[in-house]
Amino acid sequence: AVSRAIRGALATHTGKDGYEHPVVAGPIHDYGTETLTELTLSCAGIRKIFERRVIDKNIRFEGATYGEMMWGLVQAGMDGKPAGTLPIVRGTPYESGDWEMTYYGWNLANNSVDKLLTEHSEIIGGPDVMFRPRWVEGKYRRQIEWVMCWGTKRNPLIPQTRTPDFDTTAAQSEVATVSLTSSARNLRHKVWYTGSGEGEGIVRVSAQDLTGVEDGQPFLEQVFSESDIDNADLLQRRAAGALAVSSQMVDQLTMGVSTTSQKNPIGSFFVGDMATVTLKDWINIPDGTRQMVIIKMNGSLESTVTLDFQEGTW
């Protein structure tokens, strides 16, 4: 029998250097389907817990960056909660900023920590954020912690020490499969945001980019609502962020990469990293080498992992 007291899972990969790298770790959130021969468990990263952690007291940030506010929100999602502390450590050095923000404890319906982290990332100029598992120093293979990393004021991408390179045109390429999806599903040229108030007094802002319309696309717009926000500047930043990721068609590249890769071994790159990708002979994307962000990784750590990329915008 499997004990329900087992609350988490850790997946590792042992590289050519013989070192076992933590790749994915987090809570088991679904004990799944059981047959006479098989039990399937579903787990997620540590951030999954913050979907069910809320800010229940007033928090005020002054002279902060978006990243520092994210760090503060995560701390608030642990402080004072029953058995709320999680082994999460800071991965980005402190930097001061220009933003002020107050979160009110009464606004529980909108105060999920995970939701607030997402909103900060989606604001124009908002940083990416990741929780990356690693062995606790001096406790190899006995204890892990999660490093919370986020982008800075100058570069919203998470800092990285190397840039992985995936060349699909090389004669001895370690890329097994490649597919490209181009979608206009979320295309829009104007984004509206409404805030608090009633009738003519409702706070409303918009952001617009007509580049696609000038190229012959039909004009498309969308409305978002944040009924608890009365700050027009904040709504404007959210509108600009939503428009920035939707005013052009999205090209998403999916690539199968061998886990025995010598050039890009597992553990040397992470979701959120910028990579260089070389393509040739595709209809929907020009030939050449471009920067793309790794947005997803899944698959078997014993054979092939599947990476999803989107065009880098920074």
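**Aromatic rings**

I began with a cluster: Y19, W135 and Y140 form one aromatic group. The model is predicted, so I kept the ground rules by me: local features need pLDDT of at least 70, side-chain atom pairs count only at pLDDT 80 or more, and totals for chains, interfaces and linings use all residues. Residues are numbered from 1 along each chain as its sequence is written, and side-chain values use heavy atoms, with hydrogens and water left out.

My pairing rule takes rings of Phe, Tyr and Trp (its six-membered ring) with centres within 6.5 Å; planes under 30 degrees apart are stacked, over 60 edge-to-face, and the rest tilted. By that rule I get ten aromatic pairs. Y19 and Y140 make a stacked one, because their ring centres are 5.1 Å apart and their planes at 20°. Y19 sits in the loop between β1 (8–14) and β2 (20–30), and Y140 in the loop between β7 (129–135) and β8 (144–150), so this pair ties together parts 121 residues apart in sequence. (Helices, H or I of at least four residues, and strands, E of at least two, are DSSP runs numbered from the N terminus.)

Next I checked exposure (buried is under 20% relative accessible area, exposed over 50%, partly exposed in between; 1.4 Å probe, protein chains only). Y19 is partly exposed at 35%, and Y140 is partly exposed at 37%.

Then F61 and Y103: an edge-to-face pair, 6.2 Å centre to centre with 80° between the planes. F61 is in strand β4 (residues 59–64) and Y103 in strand β6 (residues 99–103), so the pair links parts 42 residues apart in sequence. F61 and Y103 are both buried.

I also looked for a charge over a ring (NZ of Lys or CZ of Arg within 6 Å of the ring centre and within 35 degrees of the ring normal). R237 lies over the face of W99, 4.0 Å from the ring centre.

**Helix α2**

In α2 (residues 113–122) I found V113, D114, L116, L117, E119 and H120 buried. What do the buried residues of α2 pack against? They pack against α1 (66–76), β6, β7 and α4 (232–244).

**Pocket and cavity**

Points join across faces, edges and corners, and a volume is the space filled by probe spheres set on the points.

The second largest pocket comes out at about 400 Å³. Of its 20 lining residues, T102, Y104, D228, I229 and L234 are the closest to its centre. β6 gives the most to this lining, with four residues.

I got one cavity of 30 Å³ or more. The largest cavity is lined by P22, V23, I266, G267, F269, F270 and M297.

**W146**

Last stop: W146, in strand β8. Buried or exposed? W146 counts as buried, at 8% relative accessibility. Leaving aside neighbours within four places in sequence, W146 is in contact (heavy atoms within 4.5 Å) with residues including A25, I46, P87 and F131. W146 and F131 are 15 residues apart in sequence and 5.6 Å apart in space, C-alpha to C-alpha.

Notes. 1 Å grid on protein atoms, 1.4 Å probe; cavity = no way out; pocket = protein on both sides within 12 Å on 5 of 7 lines; lining within 4 Å.
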